[in-house]
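Welcome! Here is a short briefing to read alongside the structure, grouped by topic so that you can follow each part on screen.

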Amino acid sequence: MTRRASDKAMGAALPVLGVLSIVFLWWIALPLFGVPAFVVPTPLAVAAKLIGEWPFLLSNALPTILESVLGFLFGNLAAIGLAILFVYSRPVRAAYFPVILFFNTIPVLALAPIIILIFGLGLLPKIIIAAIICFFPTLVNMVRGLNLPSPNELELMHVLSAGKAEVFWRLRVPRSLPLLFTSLKIAATTCVIGAVVGEWIGSNQGLGALIIQSTFNYQSDRLFAAVFLASSMALIFFGIVALVERWFIRARLA
Amino acid sequence: MSEGGDRIETPGIETRGPSIEAKGLAIGYPAEDGGGTIVLSDVDLIIERGDFLTILGPSGCGKSTLLRVIADLLPPLAGAISVLGNPPARARSRREVAFVFQDSTLLPWRTVRENVELPLQVGRANVTRPIEATSDELLALVGLAELADRYPDQLSGGPRQRVAIARALLCNPSILLMDEPFGALDEITRDRLNDELLAIWRRTGTTILFVTHSIMEAVYLGRRVLVLAAHPGRVQEVVDLRRLKDSSGGLAREAPDAVAAMARLRQLLARQVS
């Protein structure tokens with residue numbers, strides 16, 4: 001094996017070893033400190049639950065996936081649309097940016113009950129909560145990104161008699177893409193948080209509901225399995241966005 | 001730089017009259033309330049077609065601002081300016097005027113070739129001028145044919161400015177405005193680019209206005225040197241070098257005439273400081 005290949009193998013092996021060591025510690029710590037199984041399950045029990053209750057867990061993951069993905073889409077689309085409006089209209093920006101800034105300081109946990117109260121117990125309020133959580137970072141990054149072109153770049157476009165739409169697509173959008181992807185990667189994980197929080201507060205299905213019910217019923221193995229699924233979901237969303245970003249960078253569009 | 005080859009013609013829409021004409025022109029930055037800060041005033045200037053005018057002056061005298069008014073990037077505050085017999089906005093929308101900035105202003109997500117082709121992709125609705133040279137021909141003209149598929153961040157300062165020049169030439173402009181284009185380059189690169197720019201000027205017959213801080217560059221490139229004074233900004237003198245230059249516009253940097261002209265310009269600029 002060449003040195004380079006062995007370095008690469010080490011690079012892949014170390015994180016796996018890290019995870020395994022923590023799982024091992026978790027395993028031996030439980031009997032050591034006398035933690036009962038209904039409080040913290042063994043890794044094996046969680047794995048057994050994941051395999052054994054696979055259809056049940058999946059049926060609860062599906063609504064959460066739907067809420068997260070739709071929240072991600074609507075939240076980011078709304079943020080991008082508003083960012084474009086802000087960039088082209090100073091008065092609109094001056095009027096509404098402070099309000100949105102204030103709105104963003106409300107913790108999502110405080111906001112969620114209000115939204116459930118208004119929109120009921122269906123999927124819609126969870127999608128809205130997931131969307132709200134995605135909205136703000138994308139808005140801020142997109143406003144910054146669309147304003148990134150330098151004065152010289154804008155002047156170059158003017159000398160070339162470029163129209164507004166051309167300046168937007170040929171200059172502002174490519175300039176903003178790196179920042180857009182930064183916020184989309186944040187949103188890929190936070191949209192799951194939004195959906196789960198929404199389900200905590202009022203739902204009888206979804207991973208959030210499962211987490212709450214399992215906690216009340218001391219079904220710690222099911223609780224851990226649900227948490228594991230939720231975090232895997234966020235990880236997969238993040239991976240998809242990172243892949244799309246990489247494709248954009250390879251195509252040199254960003 | 002390839003010498004010879006076909007001369008790139010510059011078909012102007014107005015084929016007679018001076019390239020740029022200014023009368024009692026005052027320029028500066030307009031204020032909201034109608035007034036404004038005047039940077040440079042009382043400019044009376046006639047620039048003939050095919051002239052190479054270098055512009056020299058202390059910081060704050062309005063060298064760049066003058067170019068920006070000609071390029072329709074800034075409205076004049078008072079007086080009259082015509083570009084090829086038209087207001088600057090009209091000349092700009094017909095692509096008669098091209099601008100080269102001090103930083104090359106290349107778009108990093110586009111290859112060298114794609115950067116040169118940017119003028120083909122924006123503002124086309126207004127363009128009536130025929131595009132005569134392809135991007136590859138222009139890249140060959142500035143000696144960058146091999147780097148056409150590279151990205152700007154893979155090039156150093158000199159080549160980046162060559163790309164910017166090729167992009168400016170793509171529209172076959174009647175007037176090329178250059179705002180300290182070689183100001184950030186090392187001296188050797190700058191000398192070489194000066195020679196190449198002279199060769200391009202000879203081939204294209206484009207009117208060039210070239211802002212610089214370097215007295216040597218002003219004398220080496222310019223057929224005339226516009227010397228500006230600051231505080232308040234005004235035209236101090238137009239120094240005519242045409243009798244010093246041979247038919248190709250050349251003048252050895254060490255020639256006694258060149259040295260004398262540089263000494264005179266230095267004197268003019270020094271007088272302003274005291």
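**A first look at the two chains**

Read from the N terminus, the elements of chain A follow the pattern α-α-α-α-α-α-α-α-α-α. Keep in mind that this is a predicted model. Chain A holds ten helices and zero strands, while chain B has an open sheet of six strands.

**Overall form of chain A**

- Chain A has a radius of gyration of 23 Å, whereas a compact globule of 254 residues would come out near 18 Å.
- If you draw a box along the principal axes, the C-alpha atoms of chain A fill roughly 75 × 60 × 30 Å.
- Buried residues make up 36% of the 254 residues in chain A.

- Helix α2 (residues 43-52) of chain A packs against helix α10 (residues 220-250) of chain A, with the axes 8 Å apart and an angle of about 70 degrees between them.
- Angles of 65 to 115 degrees count as roughly perpendicular, so α2(A) is described as roughly perpendicular to α10(A).
- From α2(A), the contact uses A45(A), V46(A), K49(A) and L50(A), and from α10(A) it uses D221(A), R222(A), F224(A), A225(A) and F228(A).
- Sorted by type, the residues of this contact between α2(A) and α10(A) are six nonpolar, three charged and no polar.

**The sheet in chain B**

- The six strands of the open sheet in chain B are ordered β5-β6-β7-β3-β8-β9, and their pairing is mixed.
- At the edges stand β5 (97-100) and β9 (234-240) of chain B; each has a single partner strand, so one side of each is left without a neighbour in the sheet.
- On average, neighbouring strands of this sheet are turned by 20 degrees against each other, direction ignored.
- Strand β8 (residues 224-229) of chain B pairs with β9(B) in the antiparallel sense, over six bridges.
- To find your way around, look for L228(B), which stands opposite V235(B) in β9(B).

**Where the chains meet**

- How many residues of chain A are in contact with chain B? There are 17, and they touch 16 residues of chain B.
- On the side of chain A that touches chain B, the elements giving two or more residues are α7 (151-159) and α8 (164-201) of chain A.
- The largest share of that side, seven residues, is supplied by α7(A).
- By type, the residues of chain A on this side are eight nonpolar, five charged and four polar.

Conventions:
Residues numbered from 1 in each chain as written. Chains lettered and ligands numbered in written order. Predicted model: local features only at pLDDT ≥ 70, side-chain atom pairs only at ≥ 80, totals over all residues. Helix = DSSP H or I, 4+ residues; strand = E, 2+ residues; numbered from the N terminus. Rg over C-alpha atoms; globule rule 2.2 N^0.38 Å. Buried ≥ 20, exposed ≤ 12 C-beta atoms within 10 Å, placed from the backbone. Pairing = 2+ DSSP bridges. Axes fitted to C-alpha atoms, helices over the stretch in contact; angles between N-to-C directions. Contact = placed C-beta atoms within 7 Å. Nonpolar A, V, L, I, M, F, W, Y, C, P; charged D, E, K, R; others polar. Parallel < 35°, antiparallel > 145°, perpendicular 65-115°, else oblique.
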